[in-house]
Amino acid sequence: MLTVDSLQVTYGGAVEAVRGVSMEVPDGAVVAVLGSNGAGKSTLLRTISGTLRLHRGRVDAGSVRLGDLDLTRRDAGQIVRAGVVQVPEGRRIFGRLTVEENLRAGGMGNRDRAAKAEAVARVHDLFPVLRERAGQRAGLLSGGEQQMLAIGRALMASPRLLLLDEPSLGLAPRVIGQIGEVVAEINRQGTAVLLVEQNATMALGVADRAYVLDVGKVSLSGNARELAQTDEVQRLYLGHT
Ligand code: ATP
């Protein structure tokens, strides 16, 4: 279980991006985080994945724990080895490398060749298009395919918990539906997922629990299906008037 307790994060000592957030991601669950631009969603993920420092952010108070392990302020490599892997916003694939090379880059921490081959096979089964395009430059893939490659690359590290930052961004509705199905399948295979999304329909469709962030604080939380029925979520995030 991932536990975030009373987390406070600032940028440059001034901008308070996360103001006392507490949340839990139970083992094997899908948990969604919704919220408008600037709510602090990416900051929360950066803090969990240990990449906050790259953005000049700092944890001022609170903690992030994975089971008994304190992850607060650890570096990104240690956090990946603990089993927590982030798919960054904007995908960040290596466009000039092939699809296969991108996947292998995600499995670098794994020296066992057989385990690596097994991980590639699992990713190919989830995303057959990545097998078909294995030798092609990743930059030539469509936006949806690049998102699938970014998720596949993260899975190469065999995470216990996968962190996804707005995987639906810029994708067509049909492709967003496919991403939702893939998240559900990854979860069925035993990986917990923390899904940050502006697309509430997709996120609440696939999540067990959800949290709504508003200016750095949790404004609502609960069972995803029940949250989808609340007036606030219907009005603000599901486009109902
Ligand atoms: P979006 O969906 O637009 O990415 P978000 O919910 O992910 O929004 P964050 O990106 O976490 O929100 O931003 C939270 C607050 O922190 C905002 O006020 C933002 O301007 C600020 N912020 C984010 N990154 C930095 C940074 N590197 N330096 C300074 N301020 C930042």
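Author: Two strands pair if DSSP finds at least two bridges between them, and strands (E, at least two residues) and helices (H or I, at least four) are DSSP runs numbered from the N terminus. The model is predicted: local features need pLDDT of at least 70, side-chain atom pairs count only at pLDDT 80 or more, and totals for chains, interfaces and linings use all residues. Residues are numbered from 1 along each chain as its sequence is written, and side-chain values use heavy atoms, with hydrogens and water left out. In these terms, an open sheet of four strands has the order S2-S1-S4-S5 and antiparallel pairing.

Reader: What makes S2 and S5 the edge strands of this sheet?

Author: S2 and strand S5 (69-70) each pair on one side only.

Reader: How do you know that S1 and S4 pair?

Author: The criterion asks for at least two bridges, and eight bridges join strand S1 (residues 2-11) to strand S4 (residues 57-66). The two strands therefore count as paired, and they run antiparallel. Val4 stands opposite Val64 in S4, and Asp5 stands opposite Ser63 in S4.

Reader: What makes S1 and S2 a hairpin?

Author: S1 and S2 pair in the antiparallel sense over eight bridges, with three residues between them. Gly12 in the turn has a positive phi of about 55°. Thr10 has Glu16 in S2 as its bridge partner.

Reader: Which strands make up the sheet of six?

Author: Its order is S6-S7-S8-S3-S9-S10; the sheet is open and its pairing is mixed. Strand S6 (84-87) and strand S10 (217-223) are the edge strands, each pairing on one side only. On average, neighbouring strands of this sheet are turned by 15° against each other, direction ignored. Strand S3 (residues 30-34) and strand S8 (residues 192-196) provide a parallel pair with four bridges, in which Val33 stands opposite Val196 in S8.

Reader: How do you know that H1 packs on this sheet?

Author: Contact means heavy atoms within 4.5 Å, and H1 touches S3, S6, strand S7 (161-165), S8 and strand S9 (209-214). Axes are lines fitted to C-alpha atoms, for helices over the stretch in contact, and angles run from 0 to 180 degrees between N-to-C directions. On that scale, the direction of H1 makes about 150° with that of S7. H1 also lies across S1, S2 and S4, running at about 115° to S1. Helix H6 (residues 143-155) lies across S6 and S7, at about 165° to S6.

Reader: Which element supplies the largest share of the shell around the ligand?

Author: H1 does, with four residues. Strand S2 (15-25) and helix H1 (41-49) each supply at least two.
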